Amino acid sequence: MSKPWAIRIADENDLDAIMQIEHECFANDAWSADSMYEELTGAEKYYIVSYRDEHLVGYAGLNKLPTVHQSEVQTIAVRPAARGTGLGRDLMEHLLAEAVRSDCREVFLEVRADNEVAQKLYLSLGFEQIDVRKRYYQPDDVDAIVMRAQLPAAAKAEPLVLGIESSCDETGVGIVRGTTLLANVISSSMDLHARFGGVVPEVAARAHLEALLPTLHEALATAKVSLEEIDAVAVANGPGLAGALMVGVGAAKALAVSLNKPIYAVNHLVGHVGVDILERGELETPTIALLVSGGHTSLLLVRNLLDDVELLGETIDDAAGEAFDKVARVLGLKYPGGPEIDKAAADGDANAIRFPRGLMLPKDMEKHRYDFSFSGLKTAVARHVEVLNTKGEEVPIADVAASFREAVVDVLVSKAVNACLDHKVPRLLLGGGVIANRRLREVAQQRCEENGIELRIPALSLCTDNGAMIAAIGAQLIAAGRKQSSLHFGADSTLPVTKVQTI
Amino acid sequence: MGATLAIDTSAGTTVALLRNGQVVAEANYGSNMGHAETIGTAIAEVLAAAPDAQVISVVVGRGPAPFTGLRIGIAAAMMFAEGAKAQLSGVVSLDAIALLELEGNSKISAASPLLVTTDARRKEVYYAIYSGLNPHGVPIRVDGPAVIKPAVLEEMLIDKNITPIHATKTITAVAIAKLAEAQLRDGSLSHDVTALYLRQPDAVEGQFGKKVSG
């Protein structure tokens, strides 16, 4: 519902109308027109006026003291006929918002001791009484109550947030200002895992500790900010590898304490969804999100990024990325398997071998409509290769790779498109490292077009695990006025996607 | 005068704040679990005891310790130092235990040294041996730190004809800070904060060709 009044910044043309109300509201202690003119045109002043049907009904002013991060409410007046409508609150909220924008940490005001209505309003806006000035209002001989509201730096609309990500094998430090990406530095330990054919948790955790400071330094240099400017620290506290997550959690907490800034514990998977904000300025909802990586294969219905993320389904065995790695090993290809299989499949026939599609049969679809299973597919590929080897026949690597990839992509996209159609959500967002797979992008594009679904694929550097997405969610939480996390949270390897922030 | 923040998570979580060599506050959480949960509160707790203190030095115990918990203290120390623009140094956690034992204990000598052991899990221990304190008050480590099976350690001591005095004290961040002070005096304080795992990660290099058909 729109309000019956409009609020805008005042200028000298409003002076006459303001003076009329000034005399009406402050019979014995009204300011002179000259003083009011000084106020309206002053450099560090912020005056707003409210009009209803072309008549001035209220005004308010703020005096900003930016060097000390404070401001004072100079005046607020609402014409008697317009009182009790919420206009006074609206004006005050505008002043507070301006104070926050101006990086003020405290707002002061004085209020007549006999004006209980106003005091109640200020209390409800977060002001508290800090002092009394005896007989301040003359000639009425009334005390002034001095009140103060403390504004968290975190309440800034465009907070500068540093995000730390360490849930798997990438150490990520990202810096955002509101929805603007300033830095996204990722240090991957992928090469260290290559000889093991998959991510080794202990190797990943050790690598995080070593990568932490260099990654932080590079991010700060890229963003051209210093740590003192940071308004808040955000960290992924799950889901992921426990030992790896803990490095980021310990680091983020100590950084937040040393800077005396709030910390926000953020869900890694929600980060993958929220990252679209950094490219588009906002996340269009509702949206279906398909997150595919070496550790996750999840299908989400996002009605609201911070409040309503529903897990529709996930893998019941291997993650899609894991299946690529394992099949790459079967075919004698290198780690990580995704790009290697993509390369090998380039000249292959995707229809050469009909590999099984996990959980796509009608009976499975009843129970697992949005779940995934890649373990059977991996075994089918291994068996196919073994049979050929036993017969002494050559393994057509290109065809096997292409047919395997087609099976994975087919299941991923079919289930995601089903989710869009079932829930009448015409949007699909992809995230996770496996999104790098060219065939997956092609098929998703094609099927989404056929079904009138808008497809969003963020830049690859934002699709893989990164700190920027964690910072982006932190900034959203702050902008939404969410309270900071306590210092007690831990790493939760199985953190449910419904828990966007751990308090 | 600046303050020193000391952190060790090689066993439990222990954090201390010192100024002019005096302990301002310490927080000791004995459990060898939950380091990630505890570390932030522990640091905030000791800092709250002296809100005006400016931390100019952060010292952390590098272990040895089995993996996960150890990293949390080191990661926290690194980042705190970064945020506070403080000097970062690392010490061997076993040396800090030795300091606790050696201060005021004149019985320990090269002939009857101090043996410090801590649990390394997997039926092994970390150990180091000390012959006393040097003139600056720094423990003189003559063996270790290393990881070993208790039976093998036993044999080794018999072979070398050593009857050590066994350390019984537990690590504290205060001891970490005092050790760093002593090392600063004799010039041996190091900025190296790499974790002392003393073990390779458990991982088997890629196994190929596991049969899946009968």
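1. Two strands pair when DSSP finds at least two bridges between them, and the strands (E, at least two residues) and helices (H or I, at least four) are DSSP runs numbered from the N terminus. On that basis S5(A) and S7(A) are joined by 7 bridges and run antiparallel. Within this pairing, Glu110(A) has Val146(A) of S7(A) as its bridge partner.

2. The model is a predicted one, in which local features need pLDDT of at least 70 and side-chain atom pairs count only at pLDDT 80 or more, while totals for chains, interfaces and linings use all residues. Residues are numbered from 1 along each chain as its sequence is written, with chains lettered from A and ligands numbered from 1 in the order of writing.

3. Chain A as a whole contains 17 helices and 18 strands, and its C-alpha trace spans about 110 × 45 × 35 Å along the principal axes. Of its 503 residues, 51% count as buried, a class that requires 20 or more other C-beta atoms within 10 Å of the residue's own, whereas 12 or fewer make a residue exposed and counts in between partly exposed. When contacts (C-beta atoms within 7 Å, placed from the backbone) between residues at least 6 apart in sequence are considered in chain A, 71% of them join residues at least 24 apart.

4. The pairing of S5(A) with S7(A) belongs to an open sheet of 7 strands in chain A, ordered S1-S2-S3-S4-S5-S7-S6 and mixed in its pairing. Strand S1 (6–9) and strand S6 (127–137) of chain A each have a single partner strand, so they stand at the edges and one side of each is left without a neighbour in the sheet. From one strand to the next, the twist of this sheet averages 25°, where angles run from 0 to 180 degrees between N-to-C directions of axes fitted to C-alpha atoms.

5. Two of the residue pairs can be checked in the viewer: Arg133(A) is bridged to Ala144(A) of S7(A), and Gln129(A) to Met147(A) of S7(A). The two strands S6(A) and S7(A) form a hairpin with 4 residues between them, and in its turn Asp141(A) has a positive phi of about 60°.

6. Which helix lies across S1, S2, S3, S4, S5 and S7 of chain A? That helix is H3 (residues 87–101) of chain A, whose direction is at about 30° to that of S3(A).

7. Gln20(A) and Leu56(A) are separated by 36 residues in sequence, and their C-alpha atoms are 9.4 Å apart in space.

8. Helix H6 (residues 201–223) and helix H7 (residues 242–259) of chain A pack at an angle of about 20°, their axes being 7 Å apart. That angle makes H6(A) roughly parallel to H7(A). From H6(A), Pro201(A), Glu202(A), Ala204(A), Ala205(A), His208(A), Leu209(A) and Leu212(A) meet Gly243(A), Ala244(A), Val247(A), Gly248(A) and Ala251(A) of H7(A).

9. Chain B has an open sheet of 5 strands, with mixed pairing and the order S3-S2-S1-S4-S5. Strand S3 (22–29) and strand S5 (87–91) of chain B are at the edges, each with a single partner strand, so that one side of each has no neighbour in the sheet. The twist here averages 15° from one strand to the next. Strand S4 (residues 55–61) of chain B runs parallel to S5(B), with 5 bridges joining them, and Val58(B) has Leu88(B) in S5(B) as its bridge partner. H2(B) packs on this sheet, touching strand S1 (3–8), S4 and S5 of chain B, and its direction makes about 170° with that of S4(B).

10. The contact between the chains takes 36 residues from chain A and 33 from chain B. On the chain B side, helix H1 (35–48) and helix H2 (68–84) each supply at least two residues, and H2(B) gives the most, with 12 residues.

Terms used. Two residues are in contact if their C-beta atoms, placed from the backbone, lie within 7 Å. Angles under 35 degrees count as roughly parallel, over 145 as roughly antiparallel, 65 to 115 as roughly perpendicular and the rest as oblique.
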